[in-house]
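The sequence and structure come first.

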Amino acid sequence: MKVQDQDPVTRPEVNSQAQTGETKHEPARYPSRVRKKPGYLSEYVTDKVSDDHVMINIDYCYRLMCNIPLTFREAVTSTNSKEWVNAMDEEMQSLRENDTFTLTNLSEGKKAVGGRWVYAIKNNEDGSDKYEARYVAKGYSQKLDYEETCSSTANLTSIRVMMQKAAQENLILHQMDVKTAYLHAPIDCEIYMEQPEGYDVKSSANEKLVYKLEKSLYGLKQSGRNWNIMLHEYLTEND
């Protein structure tokens with residue numbers, strides 16, 4: 001069967017390209033990515049606008065309405081300064097009891113990671129206010145003092161399956177909260193950190209000292225992973 005050649009008149013572009021020897025390439029067109037929220041979020045009523053800027057505004061309004069300080073100076077000059085000072089004292093006591101750091105001079109060529117106080121008001125079991133203060137690291141200032149940062153987290157679907165199974169089998173669920181969990185996990189790199197405001201100590205020669213971290217601290221890039229590894233090893237060894 002003979003295939004009839006196409007009439008060159010009907011394809012002027014191809015004919016002109018063959019004569020000039022040039023090939024025209026159209027720019028590649030990639031499909032635009034459609035972002036969809038997870039299916040489980042359809043059960044909740046949310047606003048159409050949900051970005052980081054909105055969440056920052058919500059957090060700011062919450063702290064403003066609840067009279068939660070944003071800085072150390074605000075905490076010690078507020079009407080509830082006694083409660084905030086007690087909370088900071090308790091945090092420093094936890095850091096010392098867990099051997100989180102050792103005071104030392106900053107090694108040559110090293111840079112200390114910054115830190116800041118973070119305050120929050122929670123509720124006790126009897127409904128009274130519980131003042132909490134955490135000294136957290138400014139992890140965004142870390143450069144080469146960390147390796148892997150990926151850490152496993154609980155999946156909401158797995159939690160719902162577990163709760164459904166417990167309801168069907170008439171089982172009892174227990175919830176556990178580890179106080180200052182990250183402070184129990186050893187650090188995996190040599191990290192120096194600035195002392196917290198209001199609790200800085202100088203050497204006998206009046207030299208500035210820093211913390212050499214022995215345990216993970218909230219805010220570090222690898223703290224979540226370090227705690228996850230420690231918890232996993234403990235649960236598997238004591239199964």
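What volume does the largest pocket have? The largest pocket has a volume of about 840 Å³. The model is predicted, with local features needing pLDDT of at least 70 and side-chain atom pairs pLDDT 80 or more, while totals for chains, interfaces and linings use all residues. Residues are numbered from 1 along each chain as its sequence is written, and side-chain values use heavy atoms, without hydrogens and water.

A pocket is an open set of points on a 1 Å grid over the protein atoms alone, with protein on both sides within 12 Å along at least five of seven lines; a cavity is a set where a 1.4 Å probe fits but cannot get out; lining residues have an atom within 4 Å of a point.

| Space | Volume | Lining by class |
|---|---|---|
| Largest pocket | about 840 Å³ | 12 nonpolar, 5 polar, 6 charged |
| Second largest pocket | about 210 Å³ | 5 nonpolar, 3 polar, 5 charged |
| Largest cavity | about 90 Å³ | 3 nonpolar, 2 polar, 6 charged |

Of the 23 residues lining the largest pocket, Met-176, Asp-177, Val-178, Ala-181 and Trp-227 lie nearest its centre. Strand S2 (115-123), S3 and H5 each give two or more residues to this lining, and S2 gives the largest share, 5 residues. Strands are DSSP runs of E, at least two residues, and helices are runs of H or I, at least four.

The second largest pocket is lined by 13 residues, with Lys-110, Lys-111, Lys-143, Leu-144 and Asp-145 nearest its centre.

Residues lining the largest cavity include Glu-90, Lys-130 and Arg-134. Helix H4 (81-97) and strand S3 (129-137) each give two or more residues to that lining.

Technical notes: Points joined across faces, edges and corners; volume = space filled by probe spheres on them. Nonpolar A, V, L, I, M, F, W, Y, C, P; charged D, E, K, R; others polar.
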